[in-house]
Amino acid sequence: MDELVLKLKEEIIEVLNLEEVKPEDIDDNAPLFGDGLGLDSIDALELIVLMEKNYGIKLQDANQGKEIFKSINTMADYIAKNRKK
Amino acid sequence: MHIKPIYINGLSAISIQEPLSTNGILSPTAYQQPHVRCIEPNFRDFFDPIASRRMSKVIKRAIVTARRSLEDAGIQMPDAIVTGTGLGCVEDTEKFLEAMIRNEEKFLQPAYFIQSTHNTISSQIAIHLGCNGYNNTYIHRGASFENGLMDVLLLFAKSEIGTALVTGNDEMTPAYFTFLKRLGYWKDEVSDSLALVKNGCGEGSFAGEGSVSVVLSDKISEHSYARIVGSDLFYRPQDTIVKRLQHFLAENNISADEIDWVLTGQNGDSANDAVYQPVIDYFGKEKSGFYKHICGEFFTASAFGLMVASVFLKQRSVPAHATLNGVEKKPVNKMLIYNHFKNKDHSFILLSSC
Amino acid sequence: MPRRVFVTGMGIVSGLGIGLEETLSSLKNSRSGIGKIKYLDTVHDLPCAEVPLSEMEMKHLLDIPADKIVTRTALMAILAAKEALQNSRFPVKEGYRIAFINGTTVGGMEKSELYYFDFLENDTRNDYIEAHDCGSLTETIADYFGAFSYVSTPSTACSSAANAIVLGMNLIENRLVDAAVVGGSECITKFHLNGFNSLMILDKEPCRPFDATRAGLNLGEGAAFLVLEPEELCSQRGVEPLCRVSGYGNACDAYHQTASSPEGKGAALAMKKALEMSGIDSYSVNYINAHGTGTSNNDESEGRAIMSVFGDHIPPVSSTKGLTGHTTSAAGGVEAVISILAMLYRFIPANVNFRNQMPELSFSPVAEMVENVDLKHVLSNSFGFGGNNTSVIFSKE
């Protein structure tokens with residue numbers, strides 16, 4: 001799981017172009033959206049694409065992202081349970 | 001169109017010359033290649049890296065010059081923001097397009113699409129400033145900036161606005177440079193960009209890119225650069241350009257003798273430069289000059305031309321490097337700017353010193 | 001007293017059909033143009049409203065040789081502009097200064113997306129490089145007629161054509177031109193179909209604007225133009241105008257690159273400015289042709305904005321995007337024509353597929369076409385990505 005968490009952080013930093021943010025800067029339980037990292041609705045869509053491209057998980061409804069992307073941990077949990085790649 | 005006095009109160013540019021400064025206009029750097037990219041300021045001084053995570057170069061440049069020009073003019077919030085751009089946000093368009101083709105329409109990242117829509121420049125400036133005023137974008141080839149300028153002048157004439165931010169933005173990516181090379185836009189080699197217009201022969205110019213922001217107001221300030229007296233924009237005229245020019249001058253109650261200097265969009269391409277010749281002959285070679293040797297050729301280079309004219313008018317002289325006869329020109333109090341694109345779109349802007 | 005500007009002609013092609021007559025018939029019968037994609041070559045199976053003609057068929061209608069390079073968008077635009085000019089009977093060759101203002105975002109992208117790698121690697125498709133940018137499209141259309149001395153291309157996403165109407169009005173008011181042909185044109189491209197799809201705002205079913213269960217928009221394509229003239233020229237020519245453009249409002253939401261502010265600040269401002277310029281109060285508006293895309297965000301935002309401007313006297317509202325699809329840059333023109341047809345033929349077009357009231361809104365849209373209504377003032381909204389909001393008011397006189 002730790003491996004997945006680290007890999008996920010690196011992928012998020014890359015796809016969202018979070019310059020100067022290192023994996024160790026992102027708290028596993030901190031909110032990704034709003035306060036915390038301060039991501040927005042477009043970033044949520046980017047994460048949906050990331051999940052499909054890298055892990056084969058296709059979300060039909062963007063609103064599902066609200067729960068899944070709450071934090072790195074919730075995202076890693078969801079991927080671990082549903083990944084096809 | 002003759003208009004009530006409109007003042008150029010703020011200016012800022014990021015170009016192939018020194019950024020956010022007029023040094024490059026007064027003493028430009030020469031280049032020896034046909035494709036020159038912008039010299040950029042350190043964007044970390046202006047943006048938090050996370051807040052600017054999606055911003056491409058063209059957006060960052062536009063927001064920075066917009067802010068700086070407003071500071072220059074001493075205005076916090078303009079009544080209108082209008083952008084001219086010939087190609088829009090090319091880099092992000094290319095990223096989305098290439099991914100779409102390679103991935104056969106799958107796994108596409110929305111950020112590139114959003115960033116590619118051309119009006120995002122004007123709207124991101126507005127978001128950055130919190131400006132709910134009039135907002136528009138024009139994409140009309142080599143007359144894009146003039147289209148934006150005309151839009152705000154019409155609003156000024158109706159007294160719908162008292163201040164406006166007008167910007168010209170274009171980026172010349174390696175891919176787009178290649179595309180335009182196929183159409184004969186560029187020389188194969190450039191030995192000295194500053195001598196390109198004077199020595200211009202044969203096909204092509206050299207490519208630049210940039211962001212220029214101009215703040216206009218119907219009120220003069222002690223820092224005003226120049227006054228816009230009149231402007232005209234027209235397509236495929238039936239009359240000769242000189243006849244059109246005479247009509248424009250008459251409309252603005254000014255005789256040809258009163259014009260101290262004419263700034264043209266000559267760029268070293270013979271066909272392009274030949275179109276300017278009748279106007280140059282009309283005023284005389286000693287009263288003519290150019291600006292594209294400073295900024296290179298790109299679809300909104302004429303925004304840079306307006307900035308160059310304003311800087312020269314403020315100091316009431318034109319340095320030798322910008323004159324056709326290689327001699328400094330002074331005093332300069334009334335200036336005409338003439339630009340054309342492919343001998344189809346033509347524009348005149350008449351300026352006077354304050 | 002500013003110069004009064006009138007509409008003397010219009011032309012349209014869209015998913016509703018070719019020309020005003022077919023368009024009117026589709027509107028009165030609530031016949032939607034949304035269906036399976038026929039002309040665009042894409043992997044996606046999404047409902048869209050395409051113009052029901054191939055490029056060959058359009059060239060044939062215009063007597064353009066089959067091998068001439070003219071893009072789909074240009075062909076649509078020429079058809080629509082031609083109808084508008086014929087409709088207005090404007091004497092194009094008699095030395096009047098006429099502007100052509102065409103709102104578009106895709107430009108020549110429909111071909112660039114096919115030939116992009118050729119652009120990079122060889123010289124076989126150079127004509128299409130020339131056709132890529134938006135201004136090039138506008139000039140191609142203008143050159144077909146050879147009648148225009150001022151050409152321009154506003155490009156503000158979904159409000160482009162509405163801003164074309166604004167510019168035309170201002171050019172005429174300031175006496176820079178004698179008349180203006182204004183509107184917009186856009187064909188569906190893979191680029192923006194995939195773009196909107198990546199934003200997850202396309203409905204896989206026919207869209208349901210202002211419905212509580214709405215799930216996004218359907219793309220459409222088309223072109224529509226109005227001929228604008230000042231009052232004195234109409235009198236001089238002895239033409240009976242169709243209506244007057246009495247005012248506009250252009251305001252920026254300044255909230256987010258794609259989302260509208262929840263309270264619809266920019267939208268409300270645009271509508272208020274339009275009312276102010278028209279010199280009428282909110283009670284005088286008889287119908288609002290909403291932007292109403294069917295996305296969760298727009299319909300709530302626009303709905304709240306309408307409530308804030310019209311309070312307890314909201315006029316009938318309908319979105320016609322359930323019939324035309326979202327024609328993006330052409331929408332302001334397509335919906336101007338629809339608004340004026342509604343005024344001329346005394347009906348309110350239906351907001352089709354509406355069944356469930358949105359709990360956030362105090363009003364529901366007009367779900368079925370209504371006839372025999374007197375529409376003196378119609379407000380048309382066009383709100384673009386990036387918060388470029390424009391509202392235009394058309395008045396009977």
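Predicted model: local features only at pLDDT ≥ 70, side-chain atom pairs only at ≥ 80, totals over all residues.
**Chain B as a whole**

Chain B contains 11 helices and 10 strands. Its radius of gyration is 19 Å, close to the 20 Å that the globule rule gives for 354 residues, so chain B is as compact as a globular protein of that length. The C-alpha trace of chain B spans about 65 × 45 × 40 Å along its principal axes.

**The two domains of chain B**

The domain assignment divides chain B into domain 1 (2-217) and domain 2 (228-352). The centres of these domains, taken over C-alpha atoms, are 21 Å apart. Where they touch, domain 1 of chain B contributes 50 residues and domain 2 of chain B contributes 37 residues.

Which elements of chain B supply at least two residues each to the side of domain 1 that touches domain 2? They are β1 (2-14), α1 (23-26), α6 (144-157), β4 (163-170) and β5 (210-217) of chain B. The largest share of this side comes from α6(B), with 7 residues. By class, the side of domain 1 of chain B that touches domain 2 of chain B has 25 nonpolar, 20 polar and 5 charged residues.

**Contacts between chains**

Chain B touches chain C through 50 residues of chain B and 56 residues of chain C. On the chain C side, the elements that give two or more residues include the helices α4 (109-121), α5 (126-130), α6 (134-145), α7 (160-173), α8 (190-198) and α10 (265-278) of chain C. The strands β5 (150-152) and β9 (243-252) of chain C also give two or more residues to this side. The side of chain C that touches chain B is made up of 22 nonpolar, 26 polar and 8 charged residues.

Chain B is also in contact with chain A, with 10 residues of chain B meeting 12 residues of chain A. The chain B side of this contact has 7 nonpolar residues, 1 polar residue and 2 charged residues.

**Two helix pairs**

Two packed helices are described by the angle between their axes and the distance between the axes.

| Helix pair | Axes come within | Crossing angle |
|---|---|---|
| α10(C) and α11(C) | 8 Å | roughly 45° |
| α1(A) and α4(A) | 10 Å | roughly 115° |

In chain C, the axes of α10(C) and α11(C), the latter covering residues 296-310, cross at roughly 45°. That angle makes α10(C) oblique to α11(C). The crossing of α10(C) with α11(C) is right-handed. From α10(C), the residues C:Ala267, C:Ala268, C:Met271 and C:Lys272 meet C:Ser301, C:Glu302, C:Ala305, C:Ser308 and C:Val309 of α11(C). The residues of this contact divide into 5 nonpolar, 2 polar and 2 charged.

In chain A, α1(A) covers residues 2-15 and α4(A) covers residues 72-82, and their axes cross at roughly 115°. That angle makes α1(A) roughly perpendicular to α4(A). The crossing of α1(A) with α4(A) is right-handed. On α1(A), the contact is made by A:Leu4, A:Val5, A:Leu8 and A:Lys9, and on α4(A) by A:Ile72, A:Met75, A:Ala76, A:Ile79 and A:Ala80. The residues of the contact of α1(A) with α4(A) comprise 8 nonpolar, no polar and 1 charged.

How values were computed:
Residues numbered from 1 in each chain as written. Chains lettered and ligands numbered in written order. Domains from an automatic or database assignment. Contact = placed C-beta atoms within 7 Å. Helix = DSSP H or I, 4+ residues; strand = E, 2+ residues; numbered from the N terminus. Nonpolar A, V, L, I, M, F, W, Y, C, P; charged D, E, K, R; others polar. Axes fitted to C-alpha atoms, helices over the stretch in contact; angles between N-to-C directions. Parallel < 35°, antiparallel > 145°, perpendicular 65-115°, else oblique. Left-handed = near helix turned anticlockwise from the far one by under 90°. Rg over C-alpha atoms; globule rule 2.2 N^0.38 Å.
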